[in-house]
Amino acid sequence: MKNILFASALLFTSLLFSQSQGVIKGSVTDAAMNDEPMLFANIEVKGSETSYQTNFHGNFEIADLAPGSHTLVISYAGYQTEEVAVVVEKNSVSQIETVLAPMEINFDDVSGMDTASKQETAFPSETEKSPRK
């Protein structure tokens with residue numbers, strides 16, 4: 001009798017822990033550096049408070065996701081944030097690969113405050129500067 005109870009308890013706990021979940025595996029590379037892996041890029045499942053990071057090879061794995069559509073928000077300091085839609089199926093692995101591009105900063109519109117005269121001045125771009133004598 002004890003063996004039957006033990007076997008049924010073991011079967012019940014294994015069914016309890018084998019939920020129908022999915023996994024997302026992927027990699028993140030750098031567009032500016034010939035698709036080199038992005039170390040420690042941030043990955044977040046939109047609507048979730050849990051965040052993940054890529055490893056030294058730019059790879060990541062997110063386990064125990066409910067089946068359905070999810071959006072991954074992938075970010076890295078100085079790079080444009082990417083949102084990737086992923087469909088997770090139960091008991092399967094979804095594979096993604098994404099490339100992050102560096103942010104572009106336009107310095108033509110930079111203005112500042114002249115602290116001596118308390119006036120706002122636009123700084124000239126490189127083409128507008130006069131040559132040095």
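Tutor: From the N terminus, the elements run α-β-β-β-β-β-β-β-β-β-β. That is 1 helix and 10 strands. Helices (H or I, at least four residues) and strands (E, at least two) are DSSP runs, numbered from the N terminus. The model is predicted: local features need pLDDT of at least 70, side-chain atom pairs count only at pLDDT 80 or more, and totals for chains, interfaces and linings use all residues. Residues are numbered from 1 along each chain as its sequence is written, and side-chain values use heavy atoms, with hydrogens and water left out.

Now the sheet. It is open, and 4 strands build it in the order E4-E3-E6-E7. Their pairing is antiparallel; two strands pair if DSSP finds at least two bridges between them. Strand E4 (51-53) and strand E7 (82-88) stand at the edges. Each has a single partner strand, so one side of each is left without a neighbour in the sheet. On average, neighbouring strands of this sheet are turned by 30 degrees against each other, direction ignored. The axes behind that angle are lines fitted to C-alpha atoms, for helices over the stretch in contact, and angles run from 0 to 180 degrees between N-to-C directions.

Zoom in on one pair. Strand E3 (residues 42-45) joins E4 through 3 bridges, in the antiparallel sense. Here Asn42 stands opposite Gln53 in E4.

Last, the whole protein. Among contacts (heavy atoms within 4.5 Å) between residues at least 6 apart in sequence, 49% join residues at least 24 apart.
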